[in-house]
Amino acid sequence: MNLDTIAKKINANKNVIAIYAKNLLDEFKDYDKETIKKCIESIEVDSNMIVGYNTEINLKGKIILDLLVGIRDPKTNDLIYLNIEMQATEKKLDYPIEKRGEYYGSNLIVNQKDINFKNDHYEDIKKVYSIWIILDCFQYRDKNSIVAIDKHPRILTGKPNLIKKNYDNQTQIYIFMDEESINQCEEEYKEVIMIIYELFIQKQDLTQKKEILSKYGIIDIEEQEMMTMCNLSYYFELKGEERGLSQGIEIGRSEGIDIGRTAERKETIQNLMSSSNQSFDKVYDLLNYDENEKEKYRKLIAN
């Protein structure tokens with residue numbers, strides 16, 4: 001099971017969803033997490049793990065969401081759709097992540113036709129929140145920053161006296177993470193930054209990973225899945241590519257990247273072998289690295 005699949009499984013935990021909702025969704029800021037958990041609508045696997053709604057949207061082209069859950073406004077009981085997406089890096093994308101977020105949100109509204117509203121009963125459209133967690137963001141962004149993008153009317157003239165619920169149908173929330181300045185975020189949002197950091201970024205051995213998962217009530221992650229998470233190898237490979245690039249400026253871009261990637265993969269393999277007490281072959285296969293390079297890394301670690 002790869003890291004992307006494991007991340008979806010973790011984000012489907014009610015304790016995790018409750019932390020996201022309380023910190024990021026306006027409707028839930030005044031409620032405790034236990035109350036919020038009771039508002040989450042989906043099939044339960046156990047007391048905390050859920051199966052979300054169908055994540056496939058087929059309008060003009062197929063969209064596969066990471067996670068889509070329903071959550072009731074505790075004040076009005078109105079249904080809200082919450083979509084949670086995780087992106088390891090935005091640096092390799094050919095488009096702005098914000099454009100993709102808006103596209104997903106718009107499709108989640110259109111997809112409600114004949115489900116939440118029929119014919120021209122647009123008053124029955126449900127609000128959509130999309131949370132985008134980006135582990136490795138562009139250098140120009142303020143690290144560990146959170147931004148909510150929604151509609152703010154710009155009144156040109158007169159007093160139209162708009163009612164917010166009639167136009168406030170979707171919000172995209174972007175969380176741009178960074179491992180090096182984790183303590184520099186504002187106190188109000190530190191809980192949500194810390195849970196992402198501890199679950200998805202912080203380097204941990206197997207014992208530490210078990211403790212962190214238990215801390216958040218996540219008990220359904222198997223040991224092999226924890227091994228995959230222990231050093232979040234994919235994330236740190238990206239960092240390794242950046243370090244390799246800077247170290248290799250004088251010897252060429254591709255060779256510099258290769259140096260960084262090789263060093264990071266060697267360290268990841270060694271750390272997982274040590275923390276999990278598994279053989280080189282088992283760890284290498286679990287990380288799903290290139291089979292053609294297996295003997296190269298075997299020799300590097302043996303020396």
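Let's start with one bridge pair. I71 has I80, in β7, as its bridge partner. Keep in mind that this is a predicted model.

Now widen the view. Together, β6 and β7 form a hairpin, with 6 residues between them. Look in the turn for N77. Its phi is positive, about 70°.

What does β7 pair with in parallel? Strand β8, residues 127-136, joined to β7 by 9 bridges. For a landmark on this pairing, take N83. It stands opposite S130 in β8.

How do we get from β7 to β8? There is a helix to name here: α4, residues 97-110. β7, α4 and β8 make a β-α-β unit, and that unit is right-handed.

Is β7 covered or open? Mostly covered. Of its 11 residues, 11 are buried.

How many cavities of 30 Å³ or more does a search of the whole structure find? The count is 1. The space in this largest cavity is about 40 Å³. Which elements give two or more residues to its lining? They are α1, residues 3-11, and β7, residues 79-89. α1 gives the most, with 4 residues.

Here is the lining by name. D4, A7, K8 and N11 are in it. By type, the lining divides into 4 nonpolar, 1 polar and 3 charged residues.

Now the largest pocket. Its volume is about 640 Å³. How many residues line the largest pocket? There are 19. Find the centre of the pocket on your screen. Of the lining residues, E27, D78, K127, K165 and D168 lie nearest to that centre.

β7 and α5, residues 164-167, each supply at least two residues of the pocket lining. Which element gives the most to this lining? α5, with 3 residues.

And the make-up of the pocket lining? It divides into 5 nonpolar, 3 polar and 11 charged residues.

How values were computed: Residues are numbered from 1 along each chain as its sequence is written. This is a predicted model: local features need pLDDT of at least 70, side-chain atom pairs count only at pLDDT 80 or more; totals for chains, interfaces and linings use all residues. Side-chain values use heavy atoms; hydrogens and water are left out. On a 1 Å grid over the protein atoms alone, a cavity is a set of points where a 1.4 Å probe fits but cannot get out, and a pocket is an open set with protein on both sides within 12 Å along at least five of seven lines; lining residues have an atom within 4 Å of a point. Grid points are joined across faces, edges and corners, and a volume is the space filled by probe spheres set on the points. Ala, Val, Leu, Ile, Met, Phe, Trp, Tyr, Cys and Pro count as nonpolar, Asp, Glu, Lys and Arg as charged, and the others, Gly among them, as polar. Buried means under 20% relative accessible area, exposed over 50%, partly exposed in between (1.4 Å probe, protein chains only). Two strands pair if DSSP finds at least two bridges between them. A crossover is right-handed if, with the strands pointing away from the viewer, the path from the first strand over the helix to the second runs clockwise.
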